[in-house]
Amino acid sequence: MTRRRTEAAAVETPDPAVHVHVPERALQVTPPPRAVAVTAPDSPPYPARPAHPAEAVPWTLRVAAEGMWRLLLVGAGIWVLLQVVGTLRIVALAFVAALLISALLEPTVSWLRRHGVPRGLAAALTFLGGLVGIALVAWFVVWQVSANLSEVTGHVNEGIRQIKSWLETGPMHLTDTQINQFSSQLTKVIGTNSDQITSFGFSTVSVVVEIVTGVFLAAFCTFFLLYDGERIWGWCLRLLPVRSRMSAAGAGPRAWATLTAYVRGTVVVAFIDSLSIGIGIYLLGVPLAMPIAVIIFLGAFIPLVGALVTGTIAVLIGLVTHGPVTALLVLAVLLGVQQIEGHLLQPLILGRAVRVHPLAVILAVACGSIIGGIGGAVVAVPLVAVTNTVVGYLRARHAVDEDVRAALTAAAAPE
């Protein structure tokens, strides 16, 4: 009975936590207000003004400006470097010539040292042997020119007489009076410009002094490069920042190997060119065949154009001595040898390591001749070859460093 009364009381008594009076207004949910479109349906929204003026510049223009001022800065640095080199052109050309000669003679020094000869004695013997070789070549050229000078002078006089006869009997139909007037006018021009000729003579003397100074400086530098080249290279490495020494230490021997291969290959190619052209002009009966061959050998150190330019001497001598037919045959010999050099000798002898595209050769020779004359033309192509080797090595090294860094980062990352 007691249990039933308790259950009835629990049913009849309301629970205050459950039965709460809520007004009907609170139960009504008010929807949020709708946004009203303020833009016109046919026009895009007007962009807001950028916070900074640089943000209003297009991205492509900003990239172009960033690249341009960096290019201008690099160009200014190159211009300053060229001005310094132009001011010290004797020192610069002498040192570069010493590098080229050292690259040619250094294998001999290494061979002597491998056979037990001391370093100083090996460098001295190689250096003296190089000087003797250059002196013999110069003596041979002077001897050949002096021995055949009278013959060539006679041919030149005969050629001048033929030209005068052609002016009189040819299509121009000049008279002796007109030719004599032209000669007198030429003499008058020379007389009125005697001051300039005198100044040219003084400038020629100064040029000779500069050449002699450059020769002695190049000889001095060549000896010490042969004697102490490794220590000089080590001292140059210590001048670089620590982070750049490893790259320079790897690029230096490769650049030297490229320079050595280029100089030795160029000597072989120049010898073959001069020998072939010398035999050709000798068979055609052109005088001074041997000294012309030596001059062509020296000119062939400028690839593609050097042998052709120096070979024009043979064409002129053939024209004066034997007429236009012989001159055309000499020109055909020159062009044929140049074709053999460009398509067979250089790819076969120089190889892929120092191969430079013909367009790069022509541009390098042109720029070098503008900047430094004949010396600049000789130096330009080996400089391009060495630069190509160094840049290729540094790019390959950078790619390997990136791969190693990526592998180390992946190995150190948590799984």
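This is a short tour of the structure, one selection at a time.

**Before you click**

You're looking at a predicted model, so to speak of local features here takes pLDDT of at least 70, side-chain atom pairs count only at pLDDT 80 or more, and totals for chains, interfaces and linings use all residues. Residues are numbered from 1 along each chain as its sequence is written, and side-chain values use heavy atoms, with hydrogens and water left out.

**Stop 1: the whole protein**

Show everything as a cartoon. You'll find twelve helices and zero strands; helices are DSSP runs of H or I with at least four residues, strands are runs of E with at least two, and both are numbered from the N terminus. Of the 415 residues, 24% count as buried. Buried means under 20% relative accessible area, exposed means over 50%, and partly exposed is in between, using a 1.4 Å probe and protein chains only.

**Stop 2: a nonpolar patch**

Select Val 74, Ile 78, Leu 82, Ile 370 and Ile 371, which make a nonpolar surface patch of about 500 Å². The elements giving two or more residues to the patch are α3 (59-87) and α12 (358-412). To join such a patch, nonpolar side chains (Val, Leu, Ile, Met, Phe, Trp, Tyr) must lie within 5 Å, on residues with over 30% relative accessible area and no salt bridge. Which helix gives the most to the patch? That's α3, with three residues. Click on Ile 78 in helix α3: Ile 78 is partly exposed, at 46%.

**Stop 3: a pair on α3**

Stay on α3 and select Glu 66 and Arg 70. They form a salt bridge, with the closest N and O atoms 2.8 Å apart. A salt bridge is a side-chain nitrogen of Lys or Arg within 4 Å of a carboxyl oxygen of Asp or Glu. The two residues sit four apart in the helix, about one turn.

**Stop 4: a charged trio**

Next, select Asp 228. Is Asp 228 buried or exposed? Asp 228 counts as buried, at 18% relative accessibility.

Shared partners join Arg 119, Asp 228 and Arg 231 into one network.

Note on methods:
Patches are made of residues with over 30% relative accessible area and no salt bridge: like charges are joined within 9 Å, nonpolar side chains (Val, Leu, Ile, Met, Phe, Trp, Tyr) within 5 Å. Accessible areas come from the Shrake-Rupley method with a 1.4 Å probe; for residues, only the protein chains shown count as cover.
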